[in-house]
Amino acid sequence: MSVSRLTDITQIGVERMGDLADALKDPDVLRLENLDTDLRPPQSALEYTRRAVDDDNANSYLPFFGLDVMRQAAADLVGAQSGQHYDWKTECVISAGSLSGILNVLLATLEPGDEVLLTDPIYSGLINRVRLAGGVPRFVPLIPSGQGWRLDADALATIDPRPVKAALLMSPSMPTGAVFNHDEWLALIGFCQRANCWLINDAAMERILYDGRAVVHPATFPGMRERVVTAGSASKEYRMIGWRVGWVVGPAAIVADVARVSITNVVCQTGIAMGAVATAIRDPDNGIQSCVEEWQRRRDVLLDELRDFVVIPPHGGWSLLLDVAPLGLDGATASKRLLESGKIAATPMVNWGSERSRKYVRFVFANEPVHRLREVGKRVKQALT
């Protein structure tokens, strides 16, 4: 029997879909279920990693809060994105990926029963971390349309801010690819100010933006530097998923508490990986822009392939959602049929927000080349209609 803290911790669905797809051992299966990418990390990071394997200094617990060079690079990166200055010694700690960092931030900011504002749909792993830290998810809807997702500002205005102790926000959001515009950020920031709460900014994909959109960092807004905690990662933008390096940057007092949680949790980060990530961050030839262009091409092909279905275009990120309700299906049923009859591995959005998320199936377009994505429309029709 599970302990009480696990009562509301759900499966994310990706683990099951990944196992089902692996078990088929069929190269024709389109792997659209997991947030991977086939685009390579920066060459400078690969070369650094190879050297680090033979570096005895990389084979150490120390320093507990991350290599100096990594903390400096992360603090500078967040500073450049936000227009703020962060002291790497007191306002940055390195984590084992951004999700580990986010859990550490939640553990450092929440008392049991505190509410956390999240958009809906949202990654179930974020919901689970809120619950594991003793928090209660409070959802504000994202409104789907043929032009993309928009924040439901009217619904936000009805939420009582008093029980909310943090807003955990991601732009581009996952799984929707929703990107907050300036007015939406203003509404969210206004809510955080009324609630007197932290704004935890999941910046793992903040530069993966399409159609000429630009990064809007919440710490750029007046009065928000002391309220925003940014969690970043090398996994998406730098395509360094296996390195497991992330960072938390924010005001010194809360970062000190995050560091206390961090050393009690994972203790330290991967020694051979941190220097490589710092190198990638500093490398002007890190490939982010060219990769974003390629991911946008894949997104555009997938949108064209699915033009006969209800698909909400993503403005950033690696995935989009297919609404299967007009087909008389729910996400779980559609996912099963897609794999069995269409050779498409796609995760149903069960537990990815409120009940409204159950009508969606997620397609990740970051891990399949354009020529394979051109088969999707025919396969979906075969499986679902």
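**Exercise 1.** State how much space lies in the second largest pocket, and which residues are closest to its centre.

Solution. The second largest pocket holds about 300 Å³ of space. A pocket is an open set of points on a 1 Å grid over the protein atoms alone, where a 1.4 Å probe fits, with protein on both sides within 12 Å along at least five of seven lines; lining residues have an atom within 4 Å of a point. Points are joined across faces, edges and corners, and the volume is the space filled by probe spheres set on them. Of its 15 lining residues, R16, M17, A332, S335 and P348 are closest to the centre.

The model is predicted: local features need pLDDT of at least 70, side-chain atom pairs count only at pLDDT 80 or more, and totals for chains, interfaces and linings use all residues. Residues are numbered from 1 along each chain as its sequence is written, and side-chain values use heavy atoms, without hydrogens and water.

**Exercise 2.** Which helix supplies the largest share of this lining?

Solution. Both α1 (14–24) and α11 (331–342) supply at least two residues of the lining of the second largest pocket. Helices are DSSP runs (H or I, at least four residues) and strands likewise (E, at least two), numbered from the N terminus. The largest share, six residues, comes from α11.

**Exercise 3.** Identify the edge strands of the open four-stranded sheet.

Solution. The order is β10-β11-β14-β13, with antiparallel pairing. β10 (310–312) and β13 (347–348) each have a single partner strand, so one side of each lacks a neighbour in the sheet. Pairing requires at least two DSSP bridges; β10 and β11 (319–323) are joined by three.
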